[in-house]
Amino acid sequence: MYLRYAKRLLTETDLRLLWKLTYNFGFKGARAIQKHKRRLKQGDFFPPFLYISIINSCNLRCQGCWVDVAAKQEKIEVDALSRVIREANEQGNYFFGIVGGEPFMHADILEIFRQHPDCYFQVFTNGHFITGEVAAELRKCGNVTPLISVEGSEIVSDQRRGGAEVLNKTMQGIHNCIDHNVITGVCTSVCKTNIDDLVNEAWVDRLIELGVLYMWYHTYRPMGPEASEELALSPAEQLRIRQFVVDMRVKKPIGIVDAYYDADGQALCPAATGFTHHISPWGDIEPCPIVQFAKESIYDEQPLAETFNNSQYLTDFRELAASHTRGCIVLERPDLLHELTVLHEAKDSTARKTAAAELLSMKPRPSQYNKMEEIPEKSWAYRFAKRHFFNDFGAYDSPQNPLPR
Ligand code: SF4
């Protein structure tokens with residue numbers, strides 16, 4: 001399987017793009033994690049990966065979306081973003097997750113990639129704005145991989161995403177990228193209405209046939225003002241996805257990403273472990289995209305390195321999450337998270353200003369943490385990669401609960 005995948009990477013994309021992926025993401029990404037580990041040993045902190053929501057606007061209205069997509073447009077301008085990227089470069093970070101809203105609605109998104117050829121960008125997008133011209137520009141830049149979300153069959157896609165012809169427009173975006181040899185991924189926020197259609201071998205084979213080079217199954221988070229809790233997965237369904245991913249990784253010539261399990265199959269939270277934090281379209285620094293409470297901003301006077309190193313709020317978030325679960329504190333203990341935001345007087349970083357009420361109305365539910373059913377990686381390649389570059393970095397060893405008891 002590994003040779004078949006290597007052959008796909010060498011023959012189905014542009015070798016210049018493959019070099020950028022290997023060096024700007026692979027080599028520099030591994031180095032960023034080594035620097036992170038060294039900082040942790042010295043008692044310092046700067047997350048090796050940042051996810052940046054560059055704009056709130058979106059042309060779709062997905063169930064469970066926590067972003068204020070219908071609010072007045074807010075975006076991070078190229079200059080401000082470049083300052084953040086350069087300051088992160090100083091810490092060894094060269095990989096950035098670009099999210100939204102719909103990032104390709106940001107008029108200057110291509111300029112961001114052009115101005116930072118030494119970096120690598122993964123863009124979470126619905127694909128609707130990736131025309132042939134845009135795809136050609138992405139190829140020219142070479143340092144971008146679009147991760148295009150497919151949320152179900154035609155009917156389910158329109159339901160899930162509150163639009164018409166949603167799947168067709170998304171597939172057109174995928175075709176445009178692949179026609180221009182852009183390294184392209186497909187992701188799904190797996191929920192009750194798409195798990196049977198998209199968590200099966202036929203779908204994986206279809207993506208391989210299409211020329212998609214990697215995929216990512218997220219687990220649906222019932223968040224935001226229209227949470228659609230009925231779509232949330234049961235522990236058995238979450239386990240089914242985990243087993244499927246582990247099995248497909250030794251069988252199919254396609255990369256399969258996940259951000260919730262280490263090499264032994266133990267659950268983890270990438271925010272609690274400090275692997276990543278999030279910047280909102282308003283510049284607020286949040287623990288993760290669905291924790292919409294902040295104390296700091298990229299527009300604060302002090303350098304970003306000081307902001308992350310000195311943030312008691314972010315430190316306490318990591319400690320709180322790690323001291324209560326290896327899974328998702330938002331799903332499992334929204335009450336404790338609310339207590340933490342009150343303790344720190346963290347501001348509601350949404351435009352709708354209802355994040356606190358939403359958190360208080362959330363019913364605790366199971367997340368990726370399932371102590372009794374941990375499924376280790378079968379693939380030696382994923383085991384190696386996770387052992388060295390994606391694990392809990394000791395976050396769960398002896399966390400201190402920051403909440404007064
Ligand atoms: S808090 Fe939950 S949604 Fe956020 S990174 Fe952790 S597991 Fe994921």
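Predicted model: local features only at pLDDT ≥ 70, side-chain atom pairs only at ≥ 80, totals over all residues.

Biologist: How many aromatic pairs does a search of the whole structure find?

Modeller: Rings of Phe, Tyr and Trp (its six-membered ring) pair if their centres lie within 6.5 Å; planes under 30 degrees apart count as stacked, over 60 as edge-to-face and the rest as tilted. The search of the whole structure gives 15 aromatic pairs. For Phe113 and Phe121, the ring centres are 5.2 Å apart and the planes stand at 45 degrees, so this pair is tilted. Tyr217 and Phe244 make an edge-to-face pair, with 6.1 Å from centre to centre and 65 degrees between the planes. Tyr217 belongs to strand 6 (residues 214-219) and Phe244 to helix 10 (residues 235-249), so the pair ties together parts 27 residues apart in sequence. Helices (H or I, at least four residues) and strands (E, at least two) are DSSP runs, numbered from the N terminus.

Biologist: Are Tyr217 and Phe244 buried or exposed?

Modeller: Buried means under 20% relative accessible area, exposed over 50%, and partly exposed in between (1.4 Å probe, protein chains only). Both Tyr217 and Phe244 are buried, and both Phe113 and Phe121 are buried.

Biologist: Which residues form a nonpolar patch on the surface?

Modeller: Patches are made of residues with over 30% relative accessible area and no salt bridge; like charges are joined within 9 Å, nonpolar side chains (Val, Leu, Ile, Met, Phe, Trp, Tyr) within 5 Å. Accessible areas come from the Shrake-Rupley method with a 1.4 Å probe, and for residues only the protein chains shown count as cover. Here Tyr2, Val250, Trp380 and Phe384 form the patch, with about 410 Å² of accessible area together. Trp380, in helix 16 (residues 380-389), counts as exposed at 54% relative accessibility.

Biologist: How are salt bridges to be read?

Modeller: Side chains of opposite charge can pair when their charged atoms come close. A salt bridge is a side-chain nitrogen of Lys or Arg within 4 Å of a carboxyl oxygen of Asp or Glu. The whole structure contains 29 salt bridges. One of them joins Arg114 and Glu137 (3.0 Å, N to O). Arg114 lies in helix 4 (residues 109-115) and Glu137 in helix 5 (residues 132-141), so the bridge ties together parts 23 residues apart in sequence. Arg114 is partly exposed at 40%, whereas Glu137 is buried at 19% relative accessibility.

Biologist: What is the residue that forms a salt bridge with Arg326?

Modeller: Arg326 pairs with Asp392, the closest N and O atoms being 3.1 Å apart. Both Arg326 and Asp392 are buried.

Biologist: Where is Thr350 placed?

Modeller: Thr350 is in the loop between strand 12 (347-348) and helix 15 (355-361), and is buried with a relative accessible area of 2%.

Terms used: Residues numbered from 1 in each chain as written. Heavy atoms only, no water.
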